[in-house]
Amino acid sequence: MAETPTTLRLSLKTRLLLAAHAFGTRTAIRSDHTLNRSVLNIFDPKAAASAKPINGVSSFDISVDPARNLWFRLYAPTSTATTDALPVIIFFHGGGFAFMAANSRSFDVLCRQLALETNAVVISVNYRLAPEYKYPCQYEDGFDTLKYIDDMSFESFPASLDLGRCFLAGDSAGGNLAHHVALKACEHTFSNIKIKGLIAIQPFFGGEERTESEIKLVGVPLISVERTDWMWKAFLPAGSDRNHSVVNVFGPNAVDISGVKFPATLLFVGGFDPLHDWQKRYHEGLKKAGKEVHLVEYPNAFHGFYCFPESPESSLIIGEVKNFVQKQSSLA
């Protein structure tokens, strides 16, 4: 693990928001790996879709499968100066596979900003959550949403979509989800979708081993070893451990992806993230498999920093994503 600063400086507002989040999560989770969702929802305010533009972006909720509450929120920038079709970013929210939703206020703000500043259509997927729905439900929901989008007509929307310039993206557990959906997409023939890149923002990976960053980064915001252990236990099938291939993607039970036409990857890592070392191993694993991967490290960033606009790195990440989308979109 690279040496990190010893002190994390946060604004008072950020500290208060983090404290409220920590209290809500701590109150809602149970030792038997179940959740009190009624309590959790109190600390997870939601935002409604708005066809009327907010800060230059309209949003619409579209149902994929009501039986499993599978839907997505589409964000379309309305202030764009071009009439050309826009690239599409299909986004999977974080939350340890158990928390948050596509309409959580923090993700609504993030996706709206992403659409506006990258000049792209953002599609944020609301997938089923653990522990009520364990692996592989989340991956099935993600891939089924891709197939639904591939067959969908978007003629009535305010922005034109170019599904030939499609990017999969996700933060934390959503980054893990985006990786596995990308692998499945590599085996499928789409009618319209072409995956041009993967954007993995502090993806949630792990293993049975305790890494240096997990051991040293104690008391940092949002996550801890105890919390991530709880999340994996709530997510994985009974009898599985953290060396499962979907957790430790380049570990002892890993699937060989060297022969897979995997998309170019933009990977974000934070210095105050206990998952730092697992994310660096992901970077190394992709390189060893012969895949294109671009690493962006923010030494002073904690896990989930991008949901806090006061964080200096939160504006930087949008710029990096914009450049990556533009670069990959220009390639044949």
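Predicted model: local features only at pLDDT ≥ 70, side-chain atom pairs only at ≥ 80, totals over all residues.
Local features are given only where pLDDT is at least 70 and side-chain atom pairs only at pLDDT 80 or more, while totals for chains, interfaces and linings use all residues. Residues are numbered from 1 along each chain as its sequence is written, and side-chain values use heavy atoms, with hydrogens and water left out.

**Salt bridges**

A salt bridge is a side-chain nitrogen of Lys or Arg within 4 Å of a carboxyl oxygen of Asp or Glu. The whole structure holds 19 salt bridges.

| Pair | N to O distance |
|---|---|
| Lys13 and Glu310 | 3.1 Å |
| Asp144 and Arg68 | 2.7 Å |
| Lys216 and Glu212 | 2.9 Å |

Helices (H or I, at least four residues) and strands (E, at least two) are DSSP runs, numbered from the N terminus. Lys13 and Glu310 form a salt bridge. This pair links distant parts of the chain, 297 residues apart: Lys13 is in helix H1 (residues 12-28), and Glu310 is in the loop between strand S8 (293-302) and helix H9 (312-329). For accessibility, buried means under 20% relative accessible area, exposed over 50%, and partly exposed in between (1.4 Å probe, protein chains only). Lys13 is exposed at 52%, whereas Glu310 is partly exposed at 32%.

A salt bridge also joins Asp144 to Arg68. Asp144 belongs to helix H4 (residues 137-151) and Arg68 to the loop between strand S1 (57-65) and strand S2 (70-77), so the pair ties together parts 76 residues apart in sequence. Asp144 is partly exposed, with a relative accessible area of 22%. Both residues belong to a network of salt bridges that links Asp65, Arg68, Arg128, Glu140, Asp141, Asp144 and Lys147.

Lys216 and Glu212 are 4 residues apart in helix H6 (residues 212-216), which means about one helical turn separates them. Lys216 is exposed at 57%, and Glu212 is partly exposed at 36%.

**The largest pocket**

On a 1 Å grid over the protein atoms alone, a pocket is an open set of points with protein on both sides within 12 Å along at least five of seven lines, and lining residues have an atom within 4 Å of a point. Grid points are joined across faces, edges and corners, and the volume is the space filled by probe spheres set on the points. The largest pocket has a volume of about 840 Å³. It is lined by 37 residues, of which His21, Met100, Ser106, Cys307 and Phe308 are the closest to its centre. Helix H3 (105-118) is one of the elements that supply at least two lining residues, and H3 gives the most, with 6 residues.

Key. 1 Å grid on protein atoms, 1.4 Å probe; cavity = no way out; pocket = protein on both sides within 12 Å on 5 of 7 lines; lining within 4 Å.
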